[in-house]
Amino acid sequence: MESSSESSGQPEAFAHVSAQDGAVRVLQQALDRDRVAHAYLFEGPSGVGKQRVAVALACALLCRAARSGVHCSCSICQRIRAENHPDVRILRPRDEGDRNLQVELIRSELLPFTKFAPFEGEAACVIFPEADVSFPVHHAEAANALLKTLEEPRPKVTFLLLSERPDRLLPTIRSRCQRVRFRPLPRQTLELILSEHGTPEAGRAPAIALSQGSADRALALAADGLGERLVQTVMRVDQAVASARPGDLLDLAKELADSDQLDLLLSTLSLFYRDVAQLGLGQTDVSLSFPEQRQLLETRAAQVSAVEAAERVAAIAATQEAIERNANAEIALDSLLFGFATGNLAPLRLVVPKPRRG
Ligand SMILES: [Zn+2]
């Protein structure tokens, strides 16, 4: 297929990128054919390699060796990776307020750059990590300034917009970019990343299950055993629900409501009951979120029907939504846990307001 690929199959400029074959193939082909687009939109979850690929592409645009070789360590590539090459700018969201980039910054930094770059090399590149945060639709001024630069392409300047939520960008910005999709990382890749970072084996499965395919999230969850603590709390919730003592349920609802990890806890609980539902359906070869708790999950699957477990998953999602819309967390959790214990999830409807738009 593409001429620069050796037998490994992984395009060489991106040889260090895992599990994003589709995205890197598109980009390597563009490099090989000298048809790199003026602007790309890399879309996909955070922590799956978008920025790594963007930096590799910048290296390949500025350095011949990086284009066809392995991880290049020439001074150009080193400076690009260290973010101090004059022809590669990385513009992140601000650390304050809405985090959007302000139009003054676009005018004072971006526009001159796109007008005069490259300063040193053959090409220039601007990378916008979290582009949807920097240029949200509702801060139109900066977004329009960006749009204007995208509408007037300059030879040798490539724009790379990275976004977890491309729908939050102006449609006119999206339509100016060639879209490249990045996938959530598969379990195997996350396993490898966590083991490379020295995460103990016991903490890996819950961290991976909760990471939604994002290496950043998996690492954050694995750090300080957060993933393990979440799992332990979920086991306690399940115990309390199974024994159905009202006092325990009330105490737990209060404890959960006070937790600053409530949303993560509920997501963990949801994964737990998803496992129960899968086992309840007699699916034995499923990949469980909590493989280490298999015995407990099987016991639970014998007690709670697959339908009921699936209803619990739905009820948890409804509770998360209600709390996000400012429902009283403790009341919502009382209702959820008593609903689990009694098998009657109907009262939940009382605390979940109808979705409203606008
Ligand atoms: Zn190089």
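A disulfide is a covalent bond between the sulfur atoms of two cysteines. Here a disulfide is taken as a pair of cysteine sulfur atoms within 2.5 Å, and the count by this rule is zero. Cys59 is in no disulfide either, and its nearest cysteine sulfur, in Cys77, is 4.0 Å away. Buried stands for under 20% relative accessible area, exposed for over 50%, and partly exposed for anything in between (1.4 Å probe, protein chains only).

A word on the ground rules: this is a predicted model, in which local features need pLDDT of at least 70 and side-chain atom pairs count only at pLDDT 80 or more, while totals for chains, interfaces and linings use all residues. Residues are numbered from 1 along each chain as its sequence is written, and side-chain values use heavy atoms, with hydrogens and water left out.

Stepping back to the whole chain, there are 18 helices and five strands. These elements are DSSP runs numbered from the N terminus, with helices (H or I) of at least four residues and strands (E) of at least two. Of the 358 residues of the protein chain, 48% count as buried. Along the principal axes, the C-alpha atoms fill a box of roughly 70 × 50 × 30 Å. One of the buried residues is Phe159, with a relative accessible area of 2%.

Helix H13 (residues 246-258) has 13 residues, which at 1.5 Å a residue should span 18 Å, and its end C-alpha atoms are 19 Å apart, in agreement. The expected span is 1.5 Å times one less than the number of residues in the helix. Leu249, Leu252, Ala253 and Leu256 are the buried residues of H13. They cover an arc of only 105° around the axis, so they are on the same side of H13. The arc is that of the directions from the helix axis to the C-beta atoms. Asp251 and Asp258 are exposed on the other side of H13. In helix H15 (residues 294-303), the buried residues include Leu297, Arg300 and Ala301. Seen down the axis of H15, its buried residues fall within an arc of 105°, so they line one face of the helix. The face of H15 turned away from that buried side carries the exposed Gln295, Ala302 and Gln303.

Then there is the empty space. Rolling a probe the size of a water molecule over the atoms shows where such space is left. On a 1 Å grid over the protein atoms alone, a cavity is a set of points where a 1.4 Å probe fits but cannot get out, a pocket is an open set with protein on both sides within 12 Å along at least five of seven lines, and lining residues have an atom within 4 Å of a point. Grid points are joined across faces, edges and corners, and a volume is the space filled by probe spheres set on the points.

The largest pocket holds about 870 Å³. Its lining has 32 residues, and Pro45, Ser46, Gly47, Val48 and Asp216 lie nearest its centre. Among the elements that give two or more residues to this lining are helix H2 (50-62), strand S4 (157-163) and helix H9 (187-196), with H9 giving the most, four residues. By class, the lining has 10 nonpolar, 10 polar and 12 charged residues. For these classes, Ala, Val, Leu, Ile, Met, Phe, Trp, Tyr, Cys and Pro count as nonpolar, Asp, Glu, Lys and Arg as charged, and the others, Gly among them, as polar.

The second largest pocket has a volume of about 340 Å³. Asp34, Leu61, Arg67, Ala123 and Lys156 are the closest to its centre, out of 18 lining residues. H2 gives the most to this lining, three residues.

There is one cavity of 30 Å³ or more. Thr233, Val234, Val237, Leu256, Leu265, Leu266 and Leu269 line the largest cavity, and they divide into six nonpolar, one polar and no charged.
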